[in-house]
Amino acid sequence: MNADDPVIPVDPQDPAQRRRRNQQDGARGGKPFKFGQKGDVREVAVNVPPDEPPPWQFGDTHAVVGQRTPRVDAVAKVTGKARYAYDMNLPGMVWAAFVRCPHARAKVTAVDYSEAMKIPGVLVAKDYGSKDIRYALQHFGVVAAETHAACLEAVRAVKATFEVLPHAARMDQALAPDAPRVHSERPNKTGDDFRPEAVAAFEKAAQGCDAVVTGTATTEVQTHMCLEPHGVTARFEAPDRATVWASTQATFGARGEVARVLKVPEANVTVIAHYMGGGFGSKFSLGVAGAAACTLSKELGRPVKLMLERRAEHAQGGNRPSSVQEMSLGVKKDGTLAAYKVSKTGTGGIGGGAGAANPMIYDFGEVAEADFEVATNAGAAAAMRAPRHPQGSFALETIMNLAAEAIGMDPLELRRKNDKHPIRARQYVEGAKRFGWDKRTASGSGKGPIKKGMGVASSLWYALGGRGAQVLCRIRKDGSVEIRNGAQDIGVGTKTILAMVAAEELGIPLSRVTPFLGDTNDPIGPASGGSTTAPTIMPAARTAAFMAGRSLREIVAKTWDCGADDLALGGGKVIHLKDRSKSMTFEKACALMPGDEIAELGKRTGNYAAYEGQTGGVHFAEVEVDTEDGTIAVTRYLALQDAGTILNPLTAESQVNGAIVQGVSYALFEERILDRQLGQQVNADMEMYKIAGPKDMPRAEVILTEVVNGANNVGVAGLGEGPSVPVAAAIAGAVHNALGFPVWSLPMTPDRVLAAIAGKEKGK
Amino acid sequence: MGGHADEGKGSVSRRGFLKSAGVAAAATSLIDDAKKAMEPVGPAPAAAVRGETEIRFKLNGKETVAKVPPSMTLLELLRERLDMTGTKQVCDRGACGACTVHLDGRTVNSCLLLAMDATGRDVTTVEGLAVGDRLHPVQQGFVEEDAMQCGFCTPGMVMSCAALLAKNPAPTRAECAEGISGNICRCGTYLNIFRAMDRASALAKGGK
């Protein structure tokens with residue numbers, strides 16, 4: 001992955017990318033190392049590149065890594081000192097805001113900015129962007145003013161005339177026979193239909209099955225609703241420099257975009273993201289707000305802050321596409337899955353990117369797949385934690401449950417039978433025991449109006465990081481250590497594990513190491529996407545610390561008249577491996593350095609032969625469904641999740657907890673509702689766009705499955721995507737178990753639950 | 001909105017009333033401006049009152065003097081005039097709790113309070129909760145139990161939790177959920193916040 005690339009870096013469905021990720025270009029042959037998990041330890045031969053430390057292997061113990069460690073910026077966050085892009089108040093700063101069209105499809109025919117310009121403090125009110133409006137709240141103008149209040153007043157004072165055109169904001173509208181075209185050059189529905197030979201193979205295999213179950217799952221669009229909206233504070237510095245404080249998950253991508261917008265050399269641009277108020281996949285680019293702020297700053301010669309307002313954050317800040325997945329699954333009495341057919345249709349608005357990762361995880365035998373995208377007059381989709389996977393997981397785990405019922409098999413057994421992943425194989429067993437799966441009752445067997453159920457669903461992810469990061473490690477004469485990379489910590493604790501890896505390698509306490517992230521003047525790093533940040537940066541960090549430590553050992557070796565390889569760092573000391581009487585504190589060793597500092601740049605090389613290229617997870621949910629009012633309470637949740645080497649269990653668990661909470665929210669509440677007539681989102685706020693709150697929380701437990709994957713010298717895996725995949729599916733499975741039949745639509749709101757119950761009763 | 005039940009006092013809802021009136025006007029204009037020419041793009045503004053008034057209030061224990069226009073909220077005053085950006089602006093209409101501060105010891109959404117209505121009152125923000133380097137037990141609990149991810153909801157959460165702990169030194173999980181039910185977190189830190197509150201409760205009692 002090229003860290004300069006502003007686009008979503010990982011597409012797990014792209015076979016070319018998958019091949020690239022799996023290539024073992026870092027090392028071949030060489031020394032044997034032990035990788036794997038408890039009960040399944042394997043030796044993999046790796047050829048460690050000259051400047052790298054040998055990989056951590058199975059059975060290694062660590063002093064700093066693996067300890068539950070509060071994040072290094074926790075105090076800054078709880079005291080309000082953490083300053084985000086939204087918090088920048090620069091001398092002479094100007095506020096800016098977009099002028100938006102309320103219509104889903106329109107031409108802006110005339111705009112009068114004169115009243116807006118009369119408002120005290122208003123500096124700019126003018127056209128900005130296209131006058132061809134293709135979704136509600138698309139901008140066509142921009143204002144800038146001395147204060148935020150004046151800015152908003154100016155927006156309200158702009159008068160415009162629109163030629164309102166017929167729109168297709170909703171997917172049903174876009175699929176109607178007489179629907180207006182969203183993109184003039186192509187039909188609204190595009191994609192790949194079934195291959196006839198795949199369908200024939202499916203049908204043949206289905207004939208040999210004991211049961212063929214069918215169903216159609218639907219999921220709604222959810223918006224990212226980051227608390228810090230998309231936007232930047234930009235400062236153009238004449239004649240040809242710029243500093244931009246951006247709410248971004250790709251500092252280097254944003255740097256390239258700023259340079260292009262301002263037509264200045266990339267080297268003259270600094271992008272800063274010390275703190276970032278939530279992205280979840282939606283903040284890979286500078287965005288329309290960022291580009292406008294940069295342009296205005298250059299024009300006005302003053303810093304400009306432009307953050308999307310809340311309703312626009314829903315419309316313009318990205319969303320997870322919807323899906324309709326029609327499935328047929330053939331299963332044999334012994335649980336063998338032999339034939340699977342799925343047609344997927346979804347909308348990513350005007351931007352595309354819909355689709356569902358379905359099938360995945362299980363071996364389905366003969367598979368026939370169709371995949372369609374429907375363009376609509378709605379805001380563009382963006383990547384969201386495990387793009388395409390929660391949709392696919394919900395659908396296919398639901399049909400799996402139906403198949404299990406059809407042959408009278410426990411749903412967990414059906415999964416075990418058709419899933420050979422060694423990590424999940426262990427998690428199924430461990431999780432079932434821990435969760436009390438044996439207490440699960442037959443589907444729909446509960447008496448009384450409140451019914452209990454348990455469900456299970458599985459997780460996978462594909463990324464173990466790759467090339468593209470460099471990390472600078474500095475050891476100063478006073479014994480302090482800096483570890484630096486220019487990528488961002490989007491709130492998952494990257495800064496903390498960066499320091500932990502360096503402290504571990506140098507054998508010193510964490511307090512001695514200061515980590516720096518989120519400033520593009522530091523060495524290049526990845527965009528935070530596809531769970532690649534930690535596994536891309538951390539091996540380079542360890543290499544940098546190793547190289548700096550080696551330089552320090554060389555200095556001490558001269559004093560002791562021995563070889564650097566005779567010395568080791570540990571316990572805050574430099575120790576002589578052959579002569580135990582010789583030892584020196586880390587500080588004293590640092591004081592020996594001839595210059596003021598040691599500085600080494602560690603590079604991320606390719607991955608080794610990994611024990612498993614994919615990460616695994618198995619999640620269990622328990623629910624109570626009130627069949628009278630249709631409400632669902634998730635009462636218990638257990639997530640078993642592989643994240644390779646667990647660098648910091650505290651923050652890793654938080655990230656999985658976050659995936660659970662967001663999954664509960666996706667399963668039960670979240671839905672972008674578009675008005676049929678206006679094409680506007682009617683719940684573009686935070687009170688009607690319902691997300692899970694503190695009262696909706698289950699009792700949850702996270703078990704991080706220790707896996708030494710041997711993919712690189714650290715072996716950490718990211719947790720952005722994996723735990724986000726199966727949550728809604730596990731909850732849906734529990735609802736199915738409670739009711740005795742599935743609820744096929746997300747979110748499982750009371751109306752949908754009651755409709756499912758009514759439909760079932762009607763069918764009887 | 002259990003944590004914000006004390007907002008009342010009449011003055012607080014004034015801005016909210018203006019806003020909801022604006023929303024209604026907007027809905028009307030949306031339908032009409034397909035036909036009419038040169039309609040305003042946004043909600044019809046209340047006639048802006050110009051000029052500024054001097055107000056005095058106590059901010060984190062310090063007597064503070066500020067000149068504010070009558071339409072300015074306490075949140076705007078804090079963030080834009082006083083450069084106290086710990087208090088976050090998120091929904092700007094009292095739905096998310098990110099702007100929670102203490103007014104005379106009670107939680108308020110500072111986006112719904114006119115700055116002028118802070119006159120003579122005692123305002124505590126997240127910046128004023130710790131005593132020097134000594135964190136408030138809630139802050140310490142949040143640090144130890146990692147009750148944050150991106151951190152954008154954290155200041156509001158901390159303020160709601162601190163107010164809850166002052167009223168109820170040992171809240172149950174359900175009471176804690178009630179206490180922060182006016183605060184929205186997007187990263188999903190609620191489970192950690194429950195643990196942090198248990199820890200804060202122990203710390204406040206002098207436990208270790």
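This is a predicted model: local features need pLDDT of at least 70, side-chain atom pairs count only at pLDDT 80 or more; totals for chains, interfaces and linings use all residues.

Trainee: At what angle do the axes of α16(A) and α6(B) cross?
Mentor: They cross at roughly 125° and come within 8 Å. Axes are lines fitted to C-alpha atoms, for helices over the stretch in contact, and angles run from 0 to 180 degrees between N-to-C directions.

Trainee: Which residues meet there?
Mentor: From α16(A), the residues A:Leu650, A:Ser654, A:Asn657 and A:Val661 meet B:Tyr190, B:Leu191, B:Asn192 and B:Arg195 of α6(B), where contact means heavy atoms within 4.5 Å. By class, this contact has four nonpolar, three polar and one charged residues. Ala, Val, Leu, Ile, Met, Phe, Trp, Tyr, Cys and Pro count as nonpolar, Asp, Glu, Lys and Arg as charged, and the others, Gly among them, as polar.

Trainee: What are the ground rules for numbering and confidence?
Mentor: Residues are numbered from 1 along each chain as its sequence is written, and chains are lettered from A and ligands numbered from 1 in the order in which they are written. Local features need pLDDT of at least 70, side-chain atom pairs count only at pLDDT 80 or more, and totals for chains, interfaces and linings use all residues, while side-chain values use heavy atoms, with hydrogens and water left out.

Trainee: Changing topic, how many cavities of 30 Å³ or more are there?
Mentor: The search of the whole structure finds six. On a 1 Å grid over the protein atoms alone, a cavity is a set of points where a 1.4 Å probe fits but cannot get out, and lining residues have an atom within 4 Å of a point. Grid points are joined across faces, edges and corners, and a volume is the space filled by probe spheres set on the points.

Trainee: What lines the largest one?
Mentor: This cavity holds about 570 Å³ of space and is lined by 44 residues, with A:Ile490, A:Val492, A:Gln655, A:Leu719 and A:Gly720 nearest its centre. The lining divides into 21 nonpolar, 21 polar and two charged residues. α16(A) gives the most to it, with four residues.

Trainee: And what is the volume of the second largest cavity?
Mentor: The second largest cavity has a volume of about 160 Å³. It is lined by 15 residues, and those closest to its centre are A:Gln222, A:Arg320, A:Gln662, A:Gly663 and A:Tyr666. Here too α16(A) gives the most, with four residues.

Trainee: How are α10(A) and α11(A) placed relative to each other?
Mentor: They pack at an angle of about 110°, with their axes 9 Å apart, and are therefore roughly perpendicular. Residues in this contact include A:Glu397 and A:Met400 in α10(A), and A:Leu414 and A:Arg415 in α11(A).

Trainee: Where are the cis peptide bonds?
Mentor: One runs from A:Asn358 to A:Pro359, with omega near 10°, and A:Pro359 is in the loop between β18 and β19 of chain A. Another joins A:Leu746 and A:Pro747, with omega about -5°; A:Pro747 lies in the loop between α17 and α18 of chain A.

Conventions: On a 1 Å grid over the protein atoms alone, a cavity is a set of points where a 1.4 Å probe fits but cannot get out, and a pocket is an open set with protein on both sides within 12 Å along at least five of seven lines; lining residues have an atom within 4 Å of a point. Helices (H or I, at least four residues) and strands (E, at least two) are DSSP runs, numbered from the N terminus. Angles under 35 degrees count as roughly parallel, over 145 as roughly antiparallel, 65 to 115 as roughly perpendicular and the rest as oblique.
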